[in-house]
Amino acid sequence: MGNDLFFESWGRFPKVSHLGMFAPQCVDKINDLIQSSDSLILPRGLGRSYGDSCLNEDGYLLSTKWLNKFYAFDENTGILKCEAGVTLDEILQTFVPRGWFLPVTPGTKFVTVGGAIANDIHGKNHHTAGTFGNQVIRFELLRSDGTRLLCSRETNPDWFKTTIGGLGLTGVITWAELPLKPIKGPYIEMESIKFNNLNEFFSISRESATDYKYIVSWLDCINSADIRGIFMRGNHSNTTETDASKISHSVSSWKTFPVDAPSFLLSAATVKLFNMLYYHKQIKKHEKKIVHYDPFFYPLDGINHWNRMYGNRGFLQWQGVVPFTEENEAIRTILSEIIKSGLSSFLVVLKEFGSIPPCGMLSFPMPGITLAVDFPNVGGRLFSLFDRLDKVVINSGGRLYPAKDARMAPETFQSSYPDFENFKKYIDPRFSSSFYRRIRGENNG
Amino acid sequence: MANPSSILIFGATSAIAYETSKLFAKDGVSLYLCARDEVDLKRLSDDLKVRGANDVWYSAFNALDDDSAIRAIDNCLKKFPGLDSVLVAHGSLPDQNKCEANADETKKAIHINFTNIAVLLNYIANHFEKQGKGTIAVISSVAGDRGRQSNYVYGSAKGALTVFLSGLRHRLCKSGVKVITIKPGFVDTPMTVDYEKGLLFAKPAAVAKGIYKAMSKGKEVVYLPWFWRWIMLVIRSIPPKIFNKTKL
């Protein structure tokens, strides 16, 4: 057990103390560790969730750090069986050179397979592939009573449905089986298109959905009344490593954000400047290039600990989804609320989800438009902005993403995830999290 | 110097050995793994096969039973008669206070970290010498460079290992066998789980890269990360009068 009792989430808010962290070196030891304590436990991968879904105040964390072995790989089908602590980074490093890619990946490769299942993560290909859980073939769930359940769509389907997107509350995922997708090489043919308002965004998004495997947009919604931004779309390229000399790609070197940034760096003026520079970095309206998958999928992973940019008070991300409507007024209201608040964000990401329903009982994605925004933790003003945004989401029939949340009210969660009552029956009695206790509406136990 | 084509690894389940094996597996090297726990070895061998190792075998061995190490070497040579490399990565970090109070703890610590390794190294050295080639890489520690009150039992076993290796190198150089002494500083592994991780702690993957490079190039003594060479140079040069007053 380690000495660090203050474990942070990626957003570094809230900061809560723990009794400690268990880090079993093999699956067979998990149970002894669970039985060795009588406090509540939460499985944890790399702790990349932003809020408190990877924290367990006054309890233990069960790290899957050493459960990092591959079990088997079938070169013919691309099916990989591996332990839950294997990271997406490790999978990419091992299999991209052999011509395989992840079926679904979020915007960071520093998450574990177990974490990807427990949060039912989505990626830029949601419109063509659905979520990570939609891809997973089967996995094993270990309960604190020692039961080991093989879960798939056919076997123990209830446990399959509750563990995908189940935030680690149903037990520990020990291993999983997932299909990797064949690729020709590590490159992406990417296009970026500037848009000057939301209507333009929607028309590019619609026109891209069938021909492009990956889509995402970056927004500058601070500078002007009009929402402008850059729409990015791409497909795997047939360019191989050997043709790579033709490509001017930059795989960013590994740098670490050295210290907590001083707060003046986060002033409205610097953020405004950053957004303006980012928008104007691309001169042409429509640009095409071939890039390495790394900067395309993981632009921020190039800087280790970029979360320190926001200083010691941390930052909060807000990510919600609202269903499509004729005018898409909910997303317009949300964006105008953000602009009105005067708070500034470095990172605003907009994407249309596809219609493939996720298989998790508490999975976040649904057909509609999802928006993610980062803000430094400036306290009250920010929290009340988020409360206003929550209201718009709830009234439109949408929901918030637990992996990104640190503060939504219990009613917000419960009304937007109506299966929550049913889900509760599947929670392992020895498992809990700060997030779970918060959205259940109780602070103790 | 050519890259290894087959490697026998003692302490294969340790974090540093595992990270090193991953790098060799990617190159399609054949591996023979030895460690205490059969279940862990099976899991590790599956993993390294997925990562591209040409052929992976394993046997369990116990560092407190020297015969089991010799048996493991014999088993390995049956599978890989042309074995060209050995990496010795096992060891244990004893509780210094317990060692001071208990003779058995001291003996055990010295056996695991030195005596057992000396026995198996002489055995494999005789084989490599006859063969006329081979690479022997052994993980010692910066702790062996100067005895300190806080861990001199571990440190002295590692110090003895370092001296043993320099003697072995001297003996084997004429037969074309390379002996590499690897001296890591603090590494963030299950072995150091109870230690507060300061700036000097390196990741096992970073140390593994250094071992991989050293084994491919046949270096003699490698500090990992590199800065430990200079830290230890300073620590070794502190005059005893001053050193004895420190709490190191």
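The contact between the two chains, where contact means heavy atoms within 4.5 Å, takes 20 residues from chain B and 23 residues from chain A. Please keep in mind that this is a predicted model, in which local features need pLDDT of at least 70 and side-chain atom pairs count only at pLDDT 80 or more, while totals for chains, interfaces and linings use all residues. Residues are numbered from 1 along each chain as its sequence is written, chains are lettered from A in the order in which they are written, and side-chain values use heavy atoms, with hydrogens and water left out.

The size of an interface is often given as the accessible area lost when the parts come together. Here chain B and chain A bury about 1600 Å² between them, 47% of it on carbon and sulfur atoms, and buried area is the accessible area (1.4 Å probe) that two parts lose on being put together, summed over both. In chain B, the residues that lose the most area to chain A are R43(B), V50(B) and R51(B), which together make up 40% of what that side buries.

Across this interface the rule finds three salt bridges, a salt bridge being a side-chain nitrogen of Lys or Arg within 4 Å of a carboxyl oxygen of Asp or Glu. R51(B) takes part in a salt bridge with the side chain of E90(A), at 2.8 Å from N to O. Two elements of chain B, α1 (15-26) and α2 (38-50), each give two or more residues to the side that touches chain A, and α2(B) gives the most, with seven residues; helices here are DSSP runs (H or I, at least four residues), strands likewise (E, at least two), numbered from the N terminus.

Let me turn to chain A. Strand β4 (residues 41-44) of chain A points I41(A) and P43(A) one way and L42(A) and R44(A) the other way, and all are buried, that is, under 20% relative accessible area, with exposed over 50% and partly exposed in between (1.4 Å probe, protein chains only). β4(A) pairs with strand β5 (residues 60-63) of chain A in the parallel sense over four bridges, where pairing requires that DSSP finds at least two bridges, and I41(A) stands opposite Y60(A) in β5(A).

A polar atom of its side chain lies 2.7 Å from the backbone oxygen of Y212(A).

How values were computed: Polar contact = N/O pair within 3.5 Å; in protein donor to acceptor, adjacent residues only side chain to side chain.
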